[in-house]
Amino acid sequence: MGRDQGLYPARITRVIQETADTRTYVLDVPYPYRAGQFLTVKVCDTLRSYSMSSSPDTDAELMTTVKRVPGGLVSNWMHDHLRPGDVIETTRPTGLFCLRETPAPLLAFCGGSGVTPILSLVKTALATTARRVRVLAADRDADSVIFGPAMDELARRHPTRFEIRHHLDDRSGYVTEDQVREFVLGDRGADFYLCGPAPFMDLTERALLAHGADPARIFAERFAAPAAVVDSGDGSADAELDGTVSIVLSGKRHTVAQHANETLLESARRAGLAPPFSCEAGNCATCIAQITEGKARMRVNNALEEDEIADGWILTCQGEPVTPHVTVVYED
Ligand SMILES: Cc1cc2nc3c(=O)[nH]c(=O)nc-3n(C[C@H](O)[C@H](O)[C@H](O)COP(=O)(O)OP(=O)(O)OC[C@H]3O[C@@H](n4cnc5c(N)ncnc54)[C@H](O)[C@@H]3O)c2cc1C
Ligand code: FES
């Protein structure tokens, strides 16, 4: 058995306007979840993942928070159309961006809508552990700060254990590596949680590593896909190889020749199929399937646990065959 990737109805009970372009959707669903996890919604026939901003340890309701992305399909559709009483389809919560059992301090760096899972983690850490918690939250300007009052209230309630530091780009420019290092001073042994725009996360991770942080204690949740790989133009990217990929979707087998540097998801599309996917970056597991013959390796895996991989599960958007024949089966 794999994970449950099914879609289930979820009624929206409330919609909370957080900032001009960010709304929280309160969902009437009975699912258990862990702080820091996300669920995937299907609207406009498209799948998108959204993290919980609520904490299972402090909030009676499950909440996801969605920021409009300029030109984006799903985030804008949700803002423009969803009202209390509407029903949407969602997966059950999933995700690995969760707290470890450790007394180590928790240091979080978030930018923009990246505050969503961070708020969930912070609430749980403060409510269920004695850990010290510090957050550096970067935003464009004061009007863009999501959950400012919620974070400030937590700081008032936990004055000795919680610090929120707001960084506003319009006053201080983008966060620098020096500012990250200064924030971390004295807390090199912490667990670090990162969520925000890719350049912000890359800079933060670089600064933490340069400052001696243990890479195994840096946890990152990436919302966006990395920039597309540029074809070198020498034809190597799509060269046909001496092997095949068989894709089983809705019970039917389709076989295509292996192409160099092609993921299993891309092979499936080349076979004329339309299997599920969302982030195409190894973050959401929407594209999960099971390898039943041959082997494939993932370029990136931010979504599957070791035991799932051992059972043959793979993120098809990241899986590249390493044997001449591979069969990959999508669950119905
Ligand atoms: C694990 C995870 C958790 C997440 N949690 C959250 C969360 O809590 N809150 C949140 O707000 N988001 C979250 N996200 C991001 C979210 O899933 C969506 O990626 C985001 O809302 C954008 O989706 P969209 O459909 O609105 O935009 P898309 O339609 O996917 O567009 C994204 C960008 O691509 C551009 N674009 C689209 N099509 C084209 C094209 N043909 N050519 C050029 N450019 C194009 C758009 O202009 C836009 O800038 C999360 C993502 C992941 C993977
Ligand atoms: S589509 Fe998100 S992990 Fe593959």
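A search through the whole structure, which is a predicted model, turns up two cavities of 30 Å³ or more. How do we look for such gaps? Rolling a probe the size of a water molecule over the atoms shows where empty space is left.

The largest cavity has a volume of about 50 Å³. Two or more lining residues come from each of strand 7 (106-111), strand 8 (133-139) and strand 9 (162-168). Which of these gives the largest share? That is strand 8, with three residues. Sorted by class, the lining has eight nonpolar, three polar and one charged residues.

## The second cavity

The second largest cavity has a volume of about 30 Å³. Around this space you will find Arg 3, Phe 38, Thr 94, Gly 95 and Leu 96, together with Glu 221, Asn 283, Asn 302 and Ala 303. By class, these residues divide into three nonpolar, four polar and two charged.

## The largest pocket

Now for a space that is open. The largest pocket holds about 1400 Å³ of space, and 43 residues line it. If you want to find the middle of the pocket on screen, look for Val 69, Ser 113, Pro 197, Phe 223 and Ala 224, which lie nearest its centre. The elements that contribute two or more residues to this lining are strand 4, strand 5, helix 1, strand 8 and helix 6 (198-210).

## The ligand and its shell

Where does ligand 1 sit? The space it takes is the largest pocket. The shell around ligand 1 has 22 residues, and the closest are Arg 48, Ser 49, Tyr 50, Val 74 and Ser 75. Strand 4 (46-51), strand 5 (62-67) and helix 1 (73-81) each supply at least two residues of this shell. The largest share, four residues, comes from strand 4. By class, the shell divides into nine nonpolar, nine polar and four charged residues.

## Contacts with the ligand

Let's zoom in on single atoms. In the side chain of Arg 48, an N or O atom is 2.7 Å from an oxygen atom of ligand 1.

How much of ligand 1 does the protein cover? On its own, ligand 1 has 970 Å² of accessible area, and the protein covers 65% of that.

How values were computed
Residues are numbered from 1 along each chain as its sequence is written. Chains are lettered from A and ligands numbered from 1 in the order in which they are written. This is a predicted model: local features need pLDDT of at least 70, side-chain atom pairs count only at pLDDT 80 or more; totals for chains, interfaces and linings use all residues. Side-chain values use heavy atoms; hydrogens and water are left out. On a 1 Å grid over the protein atoms alone, a cavity is a set of points where a 1.4 Å probe fits but cannot get out, and a pocket is an open set with protein on both sides within 12 Å along at least five of seven lines; lining residues have an atom within 4 Å of a point. Grid points are joined across faces, edges and corners, and a volume is the space filled by probe spheres set on the points. Ala, Val, Leu, Ile, Met, Phe, Trp, Tyr, Cys and Pro count as nonpolar, Asp, Glu, Lys and Arg as charged, and the others, Gly among them, as polar. A residue is near a molecule or strand if one of its heavy atoms lies within 4 Å of it. A polar contact is a pair of N or O atoms within 3.5 Å; within protein, one must be able to donate a hydrogen and the other to accept it, and residues adjacent in sequence count only if both atoms are side-chain atoms. Accessible areas come from the Shrake-Rupley method with a 1.4 Å probe; for residues, only the protein chains shown count as cover. A molecule sits in a cavity or pocket if more than half of its atoms lie within 2 Å of its grid points.
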